[in-house]
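Let's walk through this one together, question by question. Have a look at the sequence and the model first.

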Amino acid sequence: MAILGKKKTYDTEGLKVPVSLGVIMDGNGRWAKKRMLPRSAGHRAGAENLKELCRNCGNYGVKYLTVYAFSTENWARPEDEVHQLMELFVEFFEKYDPELEEEGIRVRFTGDIASLPENIREVCKRGEERSLHRNKMQLIVAFNYGGRRELEYATRLIAQKVKDGEINPEDITEDMISQNMYLPDVPDPELIIRPSGEMRLSNFLLWESAYSELWVSETLWPDFGYDELTKAFSDFARRDRRFGGLSKKDAK
Ligand code: IPE
Ligand code: IPE
Ligand code: MG
């Protein structure tokens, strides 16, 4: 029984879906405003929708889903909103873990986790440990995440290796930088989806998104469902990904 939302049938035949997908879960505030509800109601609706996205992505065959849940810049919001977001985070992973278990979804966290309050770090640790055996899809939650913060982290690790005499500066390569990011085993996202219309990355996966396809939708995150995801995947499948080279049809 699928308990992550309603059961639907999936016609994925022939549709090339990304192995690694990033989603910037934006628009909770606007969703709430439209309904004359407090912003916290939007965040709650957004969290509910994450379950739906996980289920749909798992069924589509996505292997790594990275969702942007809280940025290193989101601390600039009013204290009570930040507090609500932290509480919701704890609640989500406590309450919904059995559903993620049922869907075979392994949970991991990326971001400056070490700087978060202890109760949040505990949730991350428990969530990761108890889901290690699940293998349908990895849900990677970017929490207190910033692309620049991640580059700062990687740079520091590499600088330490130079200082310790393990490597020389001229040994540093792009590949080495990738290997020193938070989760080096997670493939770079082939597609990044941003609901709510904003045409920017807002510090999401700066290094990893070098060749990601971008797909922006006007739909607000809490309303972003199966149909929108399918549209994004259909568009993605038609994109000509050249990586600086030539189209397959021109490169005889
Ligand atoms: C995304 O929704 C949630 C977080 C950034 C934590 P927003 O709260 O940014 O919603 P808008 O952009 O104000 O509509
Ligand atoms: C990006 O949304 C961060 C998350 C969705 C967690 P923001 O609402 O923080 O981004 P800006 O401020 O519009 O760039
Ligand atoms: Mg926003």
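A disulfide here is a pair of cysteine sulfur atoms within 2.5 Å. This is a predicted model, where local features need pLDDT of at least 70, side-chain atom pairs count only at pLDDT 80 or more, and totals for chains, interfaces and linings use all residues. Residues are numbered from 1 along each chain as its sequence is written, chains are lettered from A and ligands numbered from 1 in the order in which they are written, and side-chain values use heavy atoms, with hydrogens and water left out.

Q: How many disulfides does the structure hold?
A: A disulfide is a covalent bond between the sulfur atoms of two cysteines. Take C54: its closest cysteine sulfur sits in C57, 7.2 Å away, so that is too far for a bond. C124 has its closest cysteine sulfur in C54, at 15 Å, also too far for a bond. The number of disulfides is 0.

Q: Is C124 buried or exposed?
A: Buried means under 20% relative accessible area, exposed over 50%, and partly exposed in between, using a 1.4 Å probe and protein chains only. C124 has a relative accessible area of 4%, and C54 has 1%. So C124 is buried.

Q: Which strands are at the edges of the sheet?
A: Strands are DSSP runs of E with at least two residues, helices are runs of H or I with at least four, and both are numbered from the N terminus. Two strands pair if DSSP finds at least two bridges between them. The open sheet has 6 strands with parallel pairing, in the order β3-β4-β2-β1-β5-β6. Pairing on one side only, the edge strands are β3 (105-110) and β6 (213-216).

Q: Which residue stands opposite S71?
A: Strand β2 covers residues 64-71 and β4 covers 137-145, and they pair in the parallel sense over 7 bridges. Looking across to β4, the residue opposite S71 is Y145.

Q: Which element gives the most to the lining of the largest cavity?
A: On a 1 Å grid over the protein atoms alone, a cavity is a set of points where a 1.4 Å probe fits but cannot get out, and lining residues have an atom within 4 Å of a point. The largest cavity is lined by R44, A47, E48, L88, E91, F92, K95 and Y96. Two elements give two or more residues to that lining, α2 (39-60) and α3 (79-95). With 4 residues, the one that gives the most is α3.

Terms used:
On a 1 Å grid over the protein atoms alone, a cavity is a set of points where a 1.4 Å probe fits but cannot get out, and a pocket is an open set with protein on both sides within 12 Å along at least five of seven lines; lining residues have an atom within 4 Å of a point.
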